[in-house]
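Please open the model in a viewer and keep the selection tool at hand. The stops below are given in the order in which they may be selected.

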Amino acid sequence: MARAVVRGTYARGAQALRRGLSRILSPRHRPHRPHRPRLPHQAELGAHAPRSLARAVGLVAVVLAGAWLGLLVVGNVRTPVGPMDTNMTLRPSLTGGTKINVSPLGALELDSHTAPIRLDVNVDQLDPVRSQALVEHPELFSGLQEEIVRDVADGTRELAVRSCVAVVSGATALGLVVYRRPRRALAAGGLALGLLAVSGGSAYATWNPKAVLEPRFSGLLISAPSVVGDARSIVTEFDVYQKELARLVTNVTKLYEATSTLPAYQPDPATIRVLHVSDIHLNPASWHIVGSLVEQYGIDLIIDSGDTMDHGSAAENVFLNPISNLGAPYVWVRGNHDSAATQKYLEGLENVHVLDGGRPVTVAGVRVAGIGDPQFTPDRSVVAAGDGAERAAGRALAYALRTQARAGTPVDIAVAHNPVAAHETDGAVPLVLAGHVHRRVNEILPKGTRLKIEGSTGGGGLRAVEKEEPERVHASVLYLDRDTRRLQAWDEITLGGLGLTTAEVARRIPEEIIPGMEPTPSPRPPSLSPPPT
């Protein structure tokens with residue numbers, strides 16, 4: 001009993017002691033101490049800095065992406081510059097500068113300024129009305145330089161305003177999509193405007209008007225200095241350059257007029273119409289000529305006997321792109337100015353059939369076989385093999401033709417670039433086509449094969465613009481019987497080169513199909529040396 005009383009007294013005393021201690025240690029009984037701000041822990045400081053940096057980097061990325069998208073959508077200006085229609089655009093760049101694209105010839109680049117933006121000028125086309133005005137009124141060339149300067153200045157001002165709107169709108173819109181907060185979106189737009197202002201200031205401060213004296217050419221324009229002269233001489237002798245420019249514009253315009261007024265011929269529907277072209281040598285006007293002839297003469301098949309290129313370099317390949325859109329299948333054989341890279345590129349184009357090794361193809365109902373030229377003369381590291389290699393190639397082609405005839409699938413037309421090779425096919429095929437010598441030759445070989453050599457459809461190539469009396473432009477339309485695929489007639493089309501407006505069409509009929517006439521074989525082949533280049 002006494003022991004129980006002692007335990008109860010002890011328990012009550014312990015509870016009272018705990019209550020007293022709790023009251024003493026409660027906040028209202030603690031002595032007042034001044035408030036001190038809590039210092040962040042070192043680890044928290046280390047984690048906060050990367051998050052801030054990541055947000056800043058993210059904002060800059062949004063601004064740049066939005067500005068770029070804005071420029072792509074609305075940041076371009078179409079404006080006339082002299083007789084040309086151009087498209088001017090600003091693009092992000094690490095080095096700045098100006099790039100002028102002249103399709104399909106290539107591009108030239110100018111170190112005009114240093115800034116994170118580049119000015120792209122795409123020359124779309126020559127305006128026929130303004131070009132014709134220059135041709136009819138040569139005195140307008142005296143003010144052409146000032147007109148071009150004004151056009152460029154007007155286009156640049158409009159481009160600056162449009163680019164500001166495009167950059168701010170693009171960055172703001174993308175900021176709103178990413179952050180979904182108007183304040184952050186406006187901050188992105190403001191930052192974009194600031195970056196554009198800094199870029200524009202940098203371009204203005206580093207503007208180099210002498211950059212036009214040292215352009216960098218690419219594509220087919222690599223040969224531009226040799227065509228129009230060194231840029232320094234253009235500046236120092238502008239009067240001479242002005243006259244040359246007037247002559248070039250006049251010649252090209254007149255050439256286009258000549259091809260557009262050729263008389264159209266409606267042949268018998270029982271004939272297959274084959275257009276024979278050769279030795280284009282990088283003349284871009286040739287595609288206009290070929291396209292006009294295809295449309296006006298209802299061409300079923302185009303055969304090109306080679307030397308489409310000048311140097312066979314990969315930079316020239318873009319010149320070949322219009323072939324797919326000429327309106328008729330294109331059969332091609334390699335010339336001595338066409339490289340293996342040229343042939344491989346053409347094999348990848350639509351509507352193109354490459355002949356080599358004597359393997360025949362049937363196109364538009366005509367069975368054609370050919371062999372590429374065994375020599376590539378622009379490669380000065382290899383000694384030219386001469387006529388011996390050409391004869392060997394011709395014999396290989398003749399063997400393939402006779403093999404096809406024995407198999408019951410005779411070839412209708414053979415094609416070789418060099419006439420020396422073409423002569424070896426005599427007796428193995430009714431008709432063989434060639435080029436190379438830049439002039440027309442038509443003859444019956446001793447064993448009955450007709451050899452037709454075409455002149456230069458490119459008028460000698462780009463070199464023609466340098467000559468006072470440029471080469472004539474040659475092409476022929478061959479009419480084949482649809483049942484026998486034998487030659488019935490052909491039209492020899494001759495344009496008066498780049499400097500004249502004459503267009504001649506001469507109808508020829510094979511002697512063997514004219515009653516009372518016998519074909520006369522040539523006793524020996526004519527001189528087949530190519531013209532000097």
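**Stop one: Ser 163**

Select Ser 163, which lies in helix α4 (residues 144–179); helices (H or I, at least four residues) and strands (E, at least two) are DSSP runs, numbered from the N terminus. This is a predicted model, in which local features need pLDDT of at least 70, side-chain atom pairs count only at pLDDT 80 or more, and totals for chains, interfaces and linings use all residues. Residues are numbered from 1 along each chain as its sequence is written, and side-chain values use heavy atoms, with hydrogens and water left out.

Ser 163 counts as buried because its relative accessibility is 1% (buried: under 20% relative accessible area, exposed: over 50%, partly exposed in between; 1.4 Å probe, protein chains only). Next, display Leu 71, Leu 90 and Leu 196, which Ser 163 touches when residues up to four places away in sequence are not counted (contact: heavy atoms within 4.5 Å).

**Stop two: helix α10**

Move to α10 (residues 340–347), whose buried residues are Thr 342, Gln 343 and Leu 346. Seen down the axis of α10, these fall within an arc of 95 degrees, so they line one face of the helix (the arc is that of the directions from the helix axis to the C-beta atoms). Their cover includes β9 (330–333) and β10 (352–355). Exposed Ala 340 and Lys 344 are on the face turned away from the buried side.

**Stop three: strand β14**

Finally, select β14 (residues 431–434): Leu 431 and Leu 433 are buried on one side, Val 432 and Ala 434 on the other.
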